[in-house]
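Morning, everyone. I have one structure to show today. Let me put it on the screen.

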Amino acid sequence: MSTDKRITLQQAAEIVKNGSSLTFSGFTIWRRPFALVYELIRQQRRGLHLIEVQGGPQTEFLVGAGCVDIWESCWVGHELYGKYGANLSRKVGNKEIIVEDYSHAEMMFRFSAAAQGAAYAVTQTSLGTDIHNPEYDMLGRAGLRDGTHPHIAKHKYQFVEDPFFGAGAQVLLPPVKLDVAVLCVQQVGEEGTVRVNGQYYSDPESARAADITIAFAEEIVPEEYLRRNADQNTIPSFEVDYIIECPFGAHPTGMFGRYDVDGNFLKDFYGRTRTQEGFDDFAKEWIHGQDHMSYLEKLGWPRMLKLKANTALNYSPRESKGGK
Amino acid sequence: MSEYAKPEEFGLADLLCCAAAREVADNEIVFAGTGLPMVAIMLAQKTHAPNLKLIFEAGTLDGRPPELPTSVGDARCEMGASRSSGLSDAFSIAQRGLVDLGFLGGAEVDEYGNVNTTCIGDYLNPELRLTGSGGNPDINSFARRTVFIMVHEKRRFVPNVSYITSPGWRVKKWPGGEFVHRRELYGSAYRGGPSAVISTAGVFRFDDQSGRIYLDTCHPGQTPEEIRGMCQFDLDISRVKGETELPTREELHFIHNVLDPDGIFIPAVKKG
């Protein structure tokens, strides 16, 4: 077997099938694998079951493009560049998508359980909220908790009393069942070792939990370079199945040490995609008929240089934070 | 002690920011969200609480950002931090009971401090789907105290929120959904709950026994009766202490010249 795991962007998108369950690296508007998100939209992927610790612009793009049937998560928005997920909101209103709400910690612990191979996560968060309202089990209401769907648990949650030290009511949560995790990171070695700089968010759990993990990186570096300082690495080689070098692959989201969030781009997206017509128009301008290089060409060097991080600060002091 | 600013020298956002900062005690471990709360905590860090420990939900622990981050995932969070990690750490720390205070927001609040950030109207047929919970219920479940910062509109201060995203003092016991005091549900994780709501009209607190909200102070220009008229429930105004403490000149200096000079979260008051 070759130790080189390189594939192309098109091949990466083809690994995600219609109906796959999928998650991404990053946090809200940081380190989202946008090059792949755009390619999934170009390839008109359908019926995705998106499971995210928390959503962000990538959710909004995929949902707006009609790629997603089920979204399990806790939050979607663009931080200060757009206060809520207008595309998700529209599709929820039209009942065109199933949304299953958990809390943020619940989602994180579900990912941890999956990464541990555990049968469930256990926590005391969010007791007494409508997140645990049995009437609001949306996958159950849709008849999908009958045990025949490999990504969907038979219950949204269960309660038990702590059997050990009498700590009280506990919530049991199902582990997430992920076909594919797509990461967007600073560096990956030829054999798949990932080095994330800055906060690693929930990337290690995502990589371990998913059946297939694809790592998009700003640069593929010699594996031996990363192995000289193994304590600085984030994800071991064998948990990454495929790698792609894809500079600026997270744009318009940001990447610690490499480039800032493109606030103007996100504001423009948020402002223009309240309606389906608006989304389709935006997609026509920025996604369809493009590939990653033509997309970067369209952005242009001046804009990308403005976003480029200062290597001492790890962010761009040139990019106005208000996106102005 | 710096002198208080005159009314024309500050705006409502300044007042909220300073009121929020005053909720922080030195040496506390504080969970910070994006926006005004982040400015408030950093203001406390610059003034009366230099030893507070700041945790960002995305995984920065004991951060001392020299420059205001745009969100908790921002590279700016990490400069000067004790450790940079991930969400599993941040939420484990909260569940472990190490967090003293969290700042949160909401679209609706009820008289027992239950907060909704999920949807407006019936969850199954929403008028508007909002962002969803984020970490709001998690921080509110585990921190000793939580402070909510909200825009004050009558439609937001309601007897019952349309969806309990984040648990107040009287919450629903499932599967039946009957209301119980949160201490009956949380077992060993019971450490406290919402301690204040800072709205654009006043500062509200919760009765120790009943968990019911009452008006504590009014912002300048507001009377208790006016604020009661801005709530859909019968607001207790019997315990009002007076006016909300005004920002000092020193605090305004930190907000506008040091923390948020571009006016991203706290717009500057126009001079003249």
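Predicted model: local features only at pLDDT ≥ 70, side-chain atom pairs only at ≥ 80, totals over all residues.

Start with the contact. Chain A puts in 55 residues, and chain B puts in 52 residues. Which helices of chain A each supply at least two residues of the side that touches chain B? They are α4 (86-93) and α5 (104-116). Now the make-up of that side of chain A. By class, there are 25 nonpolar, 25 polar and 5 charged residues.

Next, the sheet. Chain A has an open sheet of 3 strands, in the order β5-β7-β6, and the pairing is antiparallel. At the edges sit β5 (121-123) and β6 (158-161) of chain A, each pairing on one side only. From one strand to the next, the twist averages 35°.

Look at one pair. β5(A) runs antiparallel to β7 of chain A, residues 169-173, over 3 bridges. In that pairing, A:T123 faces A:V171 of β7(A). And α5(A) comes back here: this helix packs on the sheet and touches β5 and β7 of chain A. The direction of α5(A) makes about 145° with that of β5(A).

Last, one residue: A:E72, in strand β3 of chain A, residues 68-73. Buried or exposed? A:E72 is buried, because 24 other C-beta atoms lie within 10 Å, and the cut-off for buried is 20 or more. What is A:E72 in contact with, leaving aside neighbours within four places in sequence? A:I51, A:E100 and A:Y102. Also look at A:V99. A:E72 and A:V99 are 27 residues apart in sequence, yet 5.9 Å apart in space, C-alpha to C-alpha.

That's my part. Questions, please.

Definitions and conventions. Residues numbered from 1 in each chain as written. Chains lettered and ligands numbered in written order. Contact = placed C-beta atoms within 7 Å. Helix = DSSP H or I, 4+ residues; strand = E, 2+ residues; numbered from the N terminus. Nonpolar A, V, L, I, M, F, W, Y, C, P; charged D, E, K, R; others polar. Pairing = 2+ DSSP bridges. Axes fitted to C-alpha atoms, helices over the stretch in contact; angles between N-to-C directions. Buried ≥ 20, exposed ≤ 12 C-beta atoms within 10 Å, placed from the backbone.
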